Amino acid sequence: MSAILQVNNLEASYGAVRVLRGISFEVQKGGVTTLLGANGAGKTTTLRALCGMIRRSGEILLEGKPVHRLATEDIVRRGVAHIPEGRGTFSTLTTEENLHLGAMARPNTDEIENDVRKQFDYFPRLKERRNQQAGTLSGGEQQMLAIARALMLRPKLMLLDEPSFGLAPLITRQIFDILADVQREEGTSMLLVEQNASLALELADRAYLIETGSIVISGDAAAIREDESVRASYLGY
Amino acid sequence: MELFLHQIISGISNGAIYACMALSVVMIYQAIHHLNFAQGEMAMFSTYIAWQMMAWGLVWWLAIPLTILISLAGGFAIERVIFKPIENAPVLSHIVIFIALFAILNSLAGFIWDFTIKSVESPFGKGPFMGSPLLGKHQAGMIGVTIVMLVGLWAFFRFTRTGLSMRAAAANPESARLVGIRVSRMTALGWGMAAAIGAVAGILIAPVVFLEPNMMLSILLYGFAGAVLGGLTSPLGAVIGGFLVGIIENLAGTYLGGVGAELKLSIALVLIIVVLVVKPEGLLGRKIVQRV
Amino acid sequence: MSDSVVTDTRPSPPAGAETRTHRPATAPPARILSPGNIVAVIVLAVLIVLPLTSKSFFVFQMNQMLVYAIAVLGLNILTGINGQFSLGHSAFYAIGAYSCAILVEMVGVNYMATLPLAAVICFIAGFLFGFPALRLEGLYLALATFALAVATPQILKLSVIEHYTGGVQGIIMFSDTFEAPVPFGLPMESSTWVYYFTLAVFVLVYILAIALIRSRTGRAMMAIRDNPIAARSMGVNLSYYKATAFGISAMVTGIAGALSAIVIKFVAPDSFTFFLAVLILVGMVIGGVGWLPGCIIGGLAMLYLPNIAEQLDDVILLFARPLGLADALPGNLQNSAIRLSGVIYGFILILLIYLAPQGAGGLIRAVVSRLKWLKS
């Protein structure tokens, strides 16, 4: 199985403070990899570094080609959809406009209307609110919108930053079920950053644990789930 | 009663100038969430370019579109060359650069074309509009062009991909990048469009107030007043605001006696302050909530 | 790489978390003989000795410079300390100037006594303007103050109040004595006395400004500048402090205006345009926002910047004459620098923002910290 994303020795800093100290990991094509860790460990920073949103050094290969010198927009145009912390909704624009924006990086415009319809089939709640200002949607709906918007890109790789954040358990469950469906039907590769380890490990096939900017544990998601000592000391359950 | 009506209509036609200027201001605001204090000078410079081309013998229906294209390119270039390097600097730096731009354009215009007043012929011709005693041809032309521009802009933002990209880039630059929008290109495009609209405003105004390098400062103030009154996030609001400012200014001038005529700029000032304090998003603007 | 086994790559021993360096909560204890204080004393000494060794025109210019420095200080209190913008300080400068002129010429108050009165009037004006401006942030406040600056000359020309303001022609000061009378029969020229008077006021205002920064009020104002929401949640009354900051700022700039009336002996509406407001702002930026000593540099900038074009023209001619080019310059290019003065001004501003956005204050601080780093 080939890797769609290979990261070697990634370092990143906010100004003078170094947050990532040379981490390496990969995401298999069609697979789900999850990055776990406590607050401040460097998970979100990793995603931002991958997309060129902060200063970074190291090697990032997307489908074998280097992208670590590219600007954010160009990385996105190569088929990487990043759902940021806080969803990144365009709150002053309508739900439907948000979806259209998701497809902005696609060169051909013919299939876009079809894709919008497809997303509304996946997420009927969004269809109800298609002309509403996106900022008025509930947290769960905004998360669905964020996922739908990312899917509009027909991405090769999806980066998800804490999709469970701020959501009630029931909604979170729904979101993760949707993510599992999407992964199964579209075969989208995913890199999932999460604090909710149990949900993440259910969805993922591979897991890494980050602690203060370094990867301390890596392996099979199922194996980590079974490992009592790791769960107890790192994942809190 | 007829005097009142006349004042209203006269106010509307003056207001067309302010509406155009306000539209240009809102356009820039949409693109960069900033107010360009040099907008008036850019419009003035464009008007001089148009005048120069016509002085060289070009017909107005060639000179004006050419000027608009030049202004589009010029605005784009100014953003790329002068503002892009400081895009992350604090607001104060931006304000100083706007002022620098103001000084440069004003002085350059005076140097090239000197400070004597030039009269400009209206492309719409002189005389009453359809024989009406209330409206002149040029005034009708001004109102018409403003409405056409407004509709064009509305359609652009509502129905085109680029328009949507621009709105997204201004609303949430980071998210815009994450959907692949080249935000800095959109910003530069916004500048170009604002410059083009400003050029149209200047060309419409020049036949009325005569062409000279200092013509635009007070008009810029009225343009700001109109934009604030209508709402900085709404092009339609800007146009309505501009017309309203024209009407209010005219009514004050007529009904407040001699003082009224001298108070025009103060009225704009008071209007701006009152709107910003009572309803900062203006009549048609959207309220922007600041999350902690 | 084994896929099915959990790999533990924890470093041993566990690495300590990297702590961010904190800025000390209190400033290091001030030394009396610190380099900053020494420079201040030297500058003050130079300013005191100045009239004894210079031509009267230069004294007049330095007098102007001190007036401008006070104006810049006023704006810095608002922007540097409280974080609010103003493109309209020319209005408060004008109120101060006109208050002084009207009190002297119409009411017969001694010109020196007008300063406290002008100060109170301007404080009230600033405080009242500050209240509606409370809810305006950054850009919107800049817009409102811009409107104030543009409207001010027109307001000053209003025919209803012409009797007091002198309308378009303004007011000539000291119409009976032609110059400011020197008190106590001191044996010096009027212009020399006015210079020392200005210097004394400058020192007084500067000391008050420092006292303000060190006071609780000053700290509250700075807290509002840095993080208004946090400040409010700590119980700082935003409205009161922001309006007060406006009031104090207007008061100081208004004092400068009153002094300018005394120094120039003339006030007229077109002296107080938007361009003056811009000049004060630029002076503050060049001196360094939030760096009080920069007001002297700001004052010098305000004085000489508009004249740079003239100097440039002289420089151009200086080179052109020996090369025999002076006459070859086409009529259009002669005095070109003056006619392009706005362009030169604008380019200087652009260079300033690109290269030294923190102004002189920033440059000096950078040099000082570099020296400290070299020493350690």
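This is a predicted model: local features need pLDDT of at least 70, side-chain atom pairs count only at pLDDT 80 or more; totals for chains, interfaces and linings use all residues.
Okay, let's begin with confidence in chain B: helix α11 (residues 257–262) of chain B has the lowest, with a mean of 60, while helix α7 (residues 173–178) of chain B has the highest, at 91. Those are pLDDT values, the predictor's confidence in each residue from 0 to 100. Helices here are DSSP runs of H or I with at least four residues, strands are runs of E with at least two, and both are numbered from the N terminus. Across chain B, the average pLDDT is 83, and 93% of the residues score at least 70.

Residues are numbered from 1 along each chain as its sequence is written, and chains are lettered from A and ligands numbered from 1 in the order in which they are written.

Staying in chain B, how do α5 and α8 pack? Helix α5 (residues 137–159) and helix α8 (residues 183–209) of chain B have axes 10 Å apart, at an angle of about 170°. The axes are lines fitted to C-alpha atoms over the stretch in contact, and angles run from 0 to 180 degrees between N-to-C directions. That makes α5(B) roughly antiparallel to α8(B), a label for angles over 145 degrees. From α5(B) we have B:H138, B:M142, B:V145 and B:M149, meeting B:I197, B:V200, B:L204 and B:P207 of α8(B). Contact means C-beta atoms, placed from the backbone, within 7 Å. By type, the residues in this contact are seven nonpolar, one polar and no charged.

Over to chain A. Is helix α1 (residues 43–50) of chain A enclosed or open? Seven of its eight residues are buried, so α1(A) is largely enclosed by the rest of the structure. Buried means 20 or more other C-beta atoms, placed from the backbone, within 10 Å of the residue's own. Among the buried ones are A:K43, A:R48 and A:L50. Just after α1(A), A:G52 has a positive phi of about 70°.

Now, most residues other than glycine have a negative phi. A:R87, in the loop between β6 (80–83) and α3 (95–102) of chain A, has a positive one, near 75°. A:R87 counts as buried, with 26 C-beta neighbours inside 10 Å. A:E162 also isn't a glycine, and its phi is positive at about 50°.

Last, chain C: 16 helices and three strands, with 42% of its 376 residues buried.

Methods
A residue is buried if 20 or more other C-beta atoms lie within 10 Å of its own, exposed if 12 or fewer, and partly exposed in between; C-beta atoms are placed from the backbone. Angles under 35 degrees count as roughly parallel, over 145 as roughly antiparallel, 65 to 115 as roughly perpendicular and the rest as oblique. Two residues are in contact if their C-beta atoms, placed from the backbone, lie within 7 Å. Ala, Val, Leu, Ile, Met, Phe, Trp, Tyr, Cys and Pro count as nonpolar, Asp, Glu, Lys and Arg as charged, and the others, Gly among them, as polar.
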